[in-house]
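Could you walk me through some of the side-chain and helix packing here?

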Amino acid sequence: MRQHAFGRTSFTVSEVGFGAWQIGGSWDDVSEADGRAALEAALDSGVTFIDTADVYGDGRSEKIIASVLKSRGGARPMVATKAGRRLNPHVADGYTRANLEAFIDRSLKNLEVDSLDLVQLHCPPTEVLYRPDVFGALDDLRRAGKIRNYGVSVEKVEEALKAIEYPDVVSIQIIYNIFRQRPADLFFKEAKRKNVAVIVRVPLASGLLSGKITRETAFAKDDHRNFNRHGEAFDVGETFAGVPFEVGLQAVDEVRKLVPAGASMAAFALKWILMNEAVTVVIPGARNEAQAKDNAAAAELAALSADVMTATKEIYARLVAPHVHQRW
């Protein structure tokens, strides 16, 4: 698997990482055994970047990661976590030094480490990005040795562009996939120019781009694809990439025709993301060992042709862009 320098940091990471939301919660019932098996399979496949958050299963995801890495020993992958979503209410005024330090201390304990490789503000209110004191607090925590690096996970391109104005923001996590193409218009160019690492989340549009979801698919009550279908719990862009379900299924039917023989649609969709040289790492989630292996296989696919890339842009422009392009 190809390795990429992680922006201006000392880390080098695999181009396909592991998104650990599923093994924490809000994706139906994923047992701890399945979560551990998925992470083990990803690591066995060469994955060297894991992304989690303190709110994924209220710390469950972080604890599973700590346990797996402790049992494996050897060289550790880069582990990124997030902070801020434990605030209730989740408002800009909650992003104080004291609160951030408390969240970071909790993650240090859960992950069983002395310093966090990367902590990301977890899709904070836009106003937070206009408060230099928040980033000053992160600077203080870095100098104290509790974190090695910090970045921001964002919902909108505009937030990403604002965040990288701060000189010590080393990474941005953002949604980018066949159904969310706007980051490539301007943000990726700016990130590359400033040598900011780009972490791509929601690469399969919450499973739509796996090609396995149909109109008859039923989602459990505690699955965000059920309870957040219209943004009831958090930003609707995190669920099916914000694409109306029926529109997404229609677009999937057209994308399916572009998948090369022998490749899964999920691997194809991940490879599409990796075709952009600004992307440092893509972080698909996995509920089990088989999904983790399939995700890693995307790194082995041949480069997609210019005709295929053009075709995906046409599908996006015609069916999807009217619903999402200017919103995020």
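What follows looks at one histidine, some aromatic rings and a pair of helices. Keep in mind that this is a predicted model.

Let's start with His122, which is found in strand S6 (residues 118–122). His122 is buried, with a relative accessible area of 9%, and the cut-off for buried is under 20%. Setting aside neighbours within four places in sequence, His122 is in contact with Ala53, Val55, Tyr56, Lys82, Ala83, Arg85, His90, Tyr95 and Ser153.

Tyr56 turns up again among the aromatics: ring pairs link Trp21, Tyr56, Phe227 and Phe234 into a cluster. Across the whole structure, a search finds 11 aromatic pairs. One of them joins Tyr176 and Trp272, and with planes at 35° that pair is tilted. Both of these residues are buried. Tyr176 lies in the loop between strand S8 (169–175) and helix H6 (187–193), while Trp272 lies in helix H9 (residues 265–274), so the pair ties together parts that are 96 residues apart in sequence.

| Ring partners | Distance |
|---|---|
| Tyr176 ring centre and Trp272 ring centre | 5.1 Å |

Now the helices. The axes of H1 (residues 32–44) and H10 (residues 289–297) come within 7 Å and cross at roughly 25°. Angles under 35 degrees count as roughly parallel, and H1 and H10 are therefore roughly parallel to each other. Their crossing is right-handed. On the H1 side the contact is made by Ala37, Ala38, Ala41 and Ala42, and on the H10 side by Glu289, Ala292 and Lys293.

Note on methods:
Residues are numbered from 1 along each chain as its sequence is written. This is a predicted model: local features need pLDDT of at least 70, side-chain atom pairs count only at pLDDT 80 or more; totals for chains, interfaces and linings use all residues. Side-chain values use heavy atoms; hydrogens and water are left out. Helices (H or I, at least four residues) and strands (E, at least two) are DSSP runs, numbered from the N terminus. Buried means under 20% relative accessible area, exposed over 50%, partly exposed in between (1.4 Å probe, protein chains only). Contact means heavy atoms within 4.5 Å. Rings of Phe, Tyr and Trp (its six-membered ring) pair if their centres lie within 6.5 Å; planes under 30 degrees apart count as stacked, over 60 as edge-to-face and the rest as tilted. Axes are lines fitted to C-alpha atoms, for helices over the stretch in contact, and angles run from 0 to 180 degrees between N-to-C directions. Angles under 35 degrees count as roughly parallel, over 145 as roughly antiparallel, 65 to 115 as roughly perpendicular and the rest as oblique. A crossing is left-handed if the near helix is turned anticlockwise from the far one by less than a right angle, and right-handed if clockwise.
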